[in-house]
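Me: I'm new to this one. Could you walk me through it with a few questions and answers?

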Amino acid sequence: MKGLAMMTDPSTTVVDIQLTDDVLEFCRRNALLDHLSRAIELARQHFSVVGDPVVRLEQDPEVDERYLVMEIRVKGQEDESIRAHRAYNRAWTRSTDWPDVSRISLVVDLED
Amino acid sequence: MDPTAFYHLGRSIMASTLTPDPASCRTAIGRAYYAALNRADEALNRWGASCGRGPQKHGLAVRFLHATSDPDLISASGDLNDLKTLRNMADYDMNAMIVEKPSQARRALDLAKNILDGIEAVENDAARRTTAEANVRAYRRRTNTP
């Protein structure tokens, strides 16, 4: 892991997690750092996130496309976390245009 | 076949035992995804936006739902995108233990239900359906999407 990304709004540092080189490169090539910052911010607003989100670059196994997966570990009740997932997607999809919206997907891991 | 049958099969798999095994959880995630994908594809076809029959269907369904500009369907596009990621993990990544958890399979089924409900709500509302259809047709013309 390397590269502490600090982008977006000049007055704030939203992305404060460690990103791997391949994730950083993908973000830079597709101008996604601001969007990733917002996705992380929204995740923290909507879920009780434990620790830092983990972001990885994935190759779609069936089509020639790559995308980011933001995996978060959350605490709380299952139904509460599912409602949060819906609310997160409402906010995320309404604040992000195509195709950027499809380049970052969310995976939620509920603590046992 | 009505693709929502896949959703009900996924529910049945998860309800069949108190402790669903990893293969059951992965299978339920796949059924949830294909219920939502094929239901979206059906509706989008009726609205004049074909997602095709090949692998491009996965991306086009997400893209066209977003292009409808209907609030519920825009949310559904995000749900479908997340569900696609879970399904890729469930079917292709045998090391991904997260998709072997019953809570993850139930989440996938819930995301699918949200998508199915959103599409049904639009199909049952003539004004919303007309707007969604006009928006997705305009999007296809603007972007030259086949």
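Reply: Happy to! One definition to begin with: two strands count as paired if DSSP finds at least two bridges between them. Please keep in mind that this is a predicted model.

Me: Which residue stands opposite A:Q59 in strand 2 of chain A?

Reply: Strand 1 of chain A pairs with strand 2 (residues 66–74) of chain A in the antiparallel sense, over 8 bridges. The residue in strand 2 of chain A that stands opposite A:Q59 is A:R66.

Me: Which strands of chain A stand at the edges?

Reply: The sheet is open, and its 3 strands follow the order 1-2-3 with mixed pairing. Each edge strand has a single partner strand, so one side of each is left without a neighbour in the sheet. The two at the edges are strand 1 (49–59) and strand 3 of chain A.

Me: Which helix of chain B packs on the sheet?

Reply: Helix 3 of chain A packs on the sheet, and its direction makes about 170 degrees with that of strand 3 of chain A. For the helix from chain B, the angle with strand 3 of chain A is about 65 degrees, and this helix touches strand 2 and strand 3 of chain A. Its name is helix 4 (residues 71–92) of chain B.

Me: Which element gives the largest share of the side of chain A that touches chain B?

Reply: The contact takes 24 residues from chain A and 24 residues from chain B. On the chain A side, helix 3 (78–95) and strand 3 (104–110) give two or more residues. The largest share, 9 residues, comes from helix 3 of chain A.

Terms used: Residues are numbered from 1 along each chain as its sequence is written. Chains are lettered from A and ligands numbered from 1 in the order in which they are written. This is a predicted model: local features need pLDDT of at least 70, side-chain atom pairs count only at pLDDT 80 or more; totals for chains, interfaces and linings use all residues. Two residues are in contact if their C-beta atoms, placed from the backbone, lie within 7 Å. Helices (H or I, at least four residues) and strands (E, at least two) are DSSP runs, numbered from the N terminus. Axes are lines fitted to C-alpha atoms, for helices over the stretch in contact, and angles run from 0 to 180 degrees between N-to-C directions.
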